[in-house]
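Dear colleague,

Please find below the structure that I am handing over to you. My findings follow directly after it.

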Amino acid sequence: MIVIDAASPVPPFEQLRAQLARQIQDRTLAVGTRLPTIRQLAANLGLAVNTVGRAYRELEEAGLIETRGRAGSFVSAAGEDGLERARQAAADYAAVVASLGIDAGEAIRIVQAALTSGTVKPASS
């Protein structure tokens, strides 16, 4: 289930992207699951087609979904690689934080601020 908060400072496309990414990563959406069409999801959520399209494009760039032409968009097996990349990035971040003497609570606040700022862009592979 996707919920878009119109009062949130986070743009709707980012809310959608983040929620779908989370569902893919926690396996609520399994590999191979067909996603709704962009038009269908836009209508269901009351969003512009371009808003949903942007979220899908960013998920595809991150390797979490793949579009198969007229067949639609599906959860990609590459999402597993994404989880491993995220784990490695977290380990690298933890090492940097430790070397700088930043405590765990502050390190987590830094990550939370980055994730909720609405300006996080997917890293390229």
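**Findings**

Arg27 is partly exposed, with a relative accessible area of 46%. This residue, Arg27, sits in the loop that connects helix H1 (12-25) with H2. Its phi angle is near 70 degrees, which is a positive value in a residue other than glycine.

Please note that the model is predicted. The protein chain has a mean pLDDT of 89, and 89% of its residues reach 70 or more. Among the elements of the chain, the highest mean pLDDT, 97, belongs to helix H2 (residues 38-45), and the lowest, 84, to helix H4 (residues 79-100).

Helix H1 also contains Gln23. With a relative accessible area of 13%, Gln23 is buried, because buried means under 20%. A polar atom of the Gln23 side chain lies 3.2 Å from the backbone oxygen of Met1. Leaving aside residues up to four places away in sequence, Gln23 touches Met1, Ile2, Thr28 and Leu29.

I also examined the second largest pocket, whose volume is about 180 Å³. Its lining consists of 13 residues, and those nearest the centre of the pocket are Ile38, Tyr56, Thr67, Gly72 and Ser73. Helix H3 (residues 49-61) supplies the largest share of this lining, with four residues.

Kind regards

Technical notes. Residues numbered from 1 in each chain as written. Predicted model: local features only at pLDDT ≥ 70, side-chain atom pairs only at ≥ 80, totals over all residues. Heavy atoms only, no water. pLDDT = per-residue confidence, 0-100. Helix = DSSP H or I, 4+ residues; strand = E, 2+ residues; numbered from the N terminus. Buried < 20%, exposed > 50% of the residue type's maximum accessible area, 1.4 Å probe, protein only. 1 Å grid on protein atoms, 1.4 Å probe; cavity = no way out; pocket = protein on both sides within 12 Å on 5 of 7 lines; lining within 4 Å. Points joined across faces, edges and corners; volume = space filled by probe spheres on them. Polar contact = N/O pair within 3.5 Å; in protein donor to acceptor, adjacent residues only side chain to side chain. Contact = heavy atoms within 4.5 Å.
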